[in-house]
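Dear colleague,

Please find below the sequence and structure that I am handing over to you. My notes on what was found follow directly after them.

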Amino acid sequence: MASVLDKSFLARVSYVFRGRRSQDGPWSWIVCISAAVCNAINIGFGLSYGILFPELMSCFGETIERTAFVGSATLGMTWFASPLAGYFCDRFGCRIASFLGGLLCIVGLLSTSFVQSLSYMYFTHSLVFGLGACFLYNSGYLIVAKYFKKELSLATGIVCTGASLGIIYTGPLVQVLIDSFEWRGTFRIMAATFVLVCLLSLNFNPNVQETSSEDKENNDSSGDDNSQNDDSLKVSGEKDTGITRYCNVWKNPTYAFIVISLTFGSFGLFIPIMYLVNYSKAVGISAQKASRLFIFVGLASTLGRLVSGKLCNASRVNAVFIYQSSLLLASIATFLLPFVTRHWELILYSTVYGFSDGVFITTNGFIVLSCVDANRRTAAFSINNVLYAITAAAGGPIVGLIVEKTGNYVYAFYMTGGVLFAAFLIPMVLIVISRKRSRVNPMDPKETVEAVIKV
């Protein structure tokens, strides 16, 4: 009897880890929630560097730009190593890539807690922790793209929401931990939370039965012409290999101009959140009050991610226009930031910034994952993240240098607002190319002359 029960238990465990799954099924939502929680812990603690910033600068007696570069390089590495992370996901599966990412984060944060010089943090925090964060970030989005087809935009929005929820709790939590355990103890507690990430990554079963275009036609209503067309186009993409796959994604104008826009947008989008605490202290607001601004950033970002994720699922909604609106909103808000000096005004800014950040992240992720066929998805996502990383890493130190030279944040925020406005303008080229409005739609590589998407 016992042996029968043991076999039954082992069979169930084997099914959880190795059983075949179907797209848009019940297990898909378990994977989606797991990826969202992993994203919350990963991105939440990654963006909490702005709260640790003053403590580290004071402890090591370093300049603003050198201290800022540790956090900027960490954010940069979170996306810069995406080709390596994408290779691991393709070669070994998202489960192994995510588990390895969690282990790297634990090692990176623990070793950071023992450093005696800021220079060592470039290795322990920027490289090791950043590389682990990159593996987690890529595997979370790629596994969701593998598990969902019909509800991809909503699932992407939920995973993005995880990051904003992470911002909500990590801001006040990290400040409380610093007050109670100092920054070294804070890093050790942060490392312990990544044990949960390693456990949740075990849910990323790689055995997914992808829905074919014929199945989609049989199961969907006749009104879902767009969805059927998307599937047939994705399946019909030629099977590229190696470097060809990475080159061919640029033949898609929607992808190309969105990614170019993103390189500008990522430069400016992380600057406000990195300098929010320092700027608040400069205008006379305490660090405790400043850290609570992250709650408003996180709540507004959560709302933006959920709303934009749902909107992108509607066939009549143009995801590119929603993406542009987030950049315009962030640009205007950042232009006005030098005039914000009171606590309630900073709360208002944090809310507007958080909402635009949520919409930006969700729509960008959805456009990149859905505007190319499945064979090129990893390549498209990896290239997007590498360019994202370069400019995201550059933003913090450049602003730090401007602040050091000018003695205030006025010109730094004007420059940031200008870069975000340039990112808003770049996708307008799509309209010029086609002389029509564009909307996101996967394309056959052979039809890239008609790549700009029409309504």
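A residue counts as buried under 20% relative accessible area, as exposed over 50%, and as partly exposed in between. D24, with a relative accessible area of 27%, is therefore partly exposed. Please keep in mind throughout that this is a predicted model.

Overall picture

The protein chain has 20 helices and two strands. Of its 455 residues, 58% are buried.

Most residues other than glycine have a negative phi. Because its relative accessibility is 59%, E182 counts as exposed.

The pair α6 and α8

Helix α8 also takes part in a helix-helix contact. Helix α6 (residues 94-112) packs with α8 at an angle of about 170°, and the two axes are 8 Å apart. With angles over 145 degrees counting as roughly antiparallel, α6 is therefore roughly antiparallel to α8. On the α6 side, the contact is made by F99, G102, L103, C105, I106, L109, L110 and T112. On the α8 side, W183, F187, R188, M190, A191, F194, V195, V197 and C198 contribute. By class, the residues of this contact divide into 14 nonpolar, two polar and one charged.

The pair α13 and α17

P272, I273, L276, Y279 and S280 of α13 make the contact with L346, Y349, S350 and Y353 of α17. Seven of these residues are nonpolar and two are polar, with no charged residue present.

Y279 may be of use as a reference point in this part of the model. The residue is located in helix α13 and, at 6% relative accessibility, counts as buried. Leaving aside neighbours within four places in sequence, Y279 is in contact with L337, P338, V340, L346, Y409 and F413. Y279 and A290 are eleven residues apart in sequence, and their C-alpha atoms are 8.9 Å apart in space.

S34 is placed in helix α2 and counts as buried at 5% relative accessibility. Apart from residues up to four places away in sequence, S34 touches L200, N203 and F204.

T391 lies in helix α18 (residues 377-406). Its relative accessibility of 17% is the reason why T391 counts as buried. A polar atom of the T391 side chain lies 3.4 Å from the backbone oxygen of Y388. When residues up to four places away in sequence are not counted, T391 touches T263, S266 and F267.

Cysteines

How many disulfides does a search of the whole structure find? The search finds zero disulfides. C94 is in no disulfide, and the nearest cysteine sulfur, that of C89, is 4.0 Å away. A disulfide would require a pair of cysteine sulfur atoms within 2.5 Å. C94 is buried, with a relative accessible area of 8%. C134 is in no disulfide either; its nearest cysteine sulfur is that of C89, 8.8 Å away. The relative accessible area of C134 is 0%, so C134 is buried.

With kind regards

Conventions:
Residues are numbered from 1 along each chain as its sequence is written. This is a predicted model: local features need pLDDT of at least 70, side-chain atom pairs count only at pLDDT 80 or more; totals for chains, interfaces and linings use all residues. Side-chain values use heavy atoms; hydrogens and water are left out. Contact means heavy atoms within 4.5 Å. Helices (H or I, at least four residues) and strands (E, at least two) are DSSP runs, numbered from the N terminus. Ala, Val, Leu, Ile, Met, Phe, Trp, Tyr, Cys and Pro count as nonpolar, Asp, Glu, Lys and Arg as charged, and the others, Gly among them, as polar. Buried means under 20% relative accessible area, exposed over 50%, partly exposed in between (1.4 Å probe, protein chains only). A polar contact is a pair of N or O atoms within 3.5 Å; within protein, one must be able to donate a hydrogen and the other to accept it, and residues adjacent in sequence count only if both atoms are side-chain atoms. Axes are lines fitted to C-alpha atoms, for helices over the stretch in contact, and angles run from 0 to 180 degrees between N-to-C directions. Angles under 35 degrees count as roughly parallel, over 145 as roughly antiparallel, 65 to 115 as roughly perpendicular and the rest as oblique.
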